[in-house]
Amino acid sequence: AVMVNLLGSEHEDPRSAYPQVMERYPQAKVHLYGKGVRPGRKLGHVTVTGTDHAEALQIARGAVVLLHG
């Protein structure tokens, strides 16, 4: 399993990117904390499990990029 933090976002609400994340990375588990967006603020994280660590990390990072905007 890997976890990548979402620090800040260009979206007013990162939840708006959730459908796009699920379409592209259905295996990603997105955990958003419901906090207001500020630069560098931890807004959530993405967890991905799998047998290939590098692939799981690539998926988690890709999901966070979409959530960040």
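Q: Where does A60 lie?
A: A60 is part of helix α2; helices (H or I, at least four residues) and strands (E, at least two) are DSSP runs, numbered from the N terminus. The model is predicted: local features need pLDDT of at least 70, side-chain atom pairs count only at pLDDT 80 or more, and totals for chains, interfaces and linings use all residues. Residues are numbered from 1 along each chain as its sequence is written, and side-chain values use heavy atoms, with hydrogens and water left out.

Q: Is A60 buried or exposed?
A: A60 counts as buried because its relative accessibility is 0%. Buried means under 20% relative accessible area, exposed over 50%, partly exposed in between (1.4 Å probe, protein chains only).

Q: Which residues does A60 touch, not counting those up to four places away in sequence?
A: With that exclusion, A60 touches V2, V4, V46 and V48; contact means heavy atoms within 4.5 Å.

Q: And what separates the C-alpha atoms of A60 and V30?
A: They are separated by 9.1 Å, with the two residues 30 apart along the chain.

Q: Turning to the sheet, what is the strand order?
A: The order is β1-β3-β2 in an open sheet of 3 strands, with antiparallel pairing. Two strands pair if DSSP finds at least two bridges between them. The edge strands, β1 (2–7) and β2 (29–32), each pair on one side only.

Q: How many bridges join β2 to β3?
A: There are 4 bridges between β2 and β3 (residues 42–48), which run antiparallel. H31 has H45 in β3 as its bridge partner.

Q: Which strands does helix α2 touch?
A: Helix α2 (residues 53–68) packs on the sheet and touches β1, β2 and β3.

Definitions and conventions:
Axes are lines fitted to C-alpha atoms, for helices over the stretch in contact, and angles run from 0 to 180 degrees between N-to-C directions.
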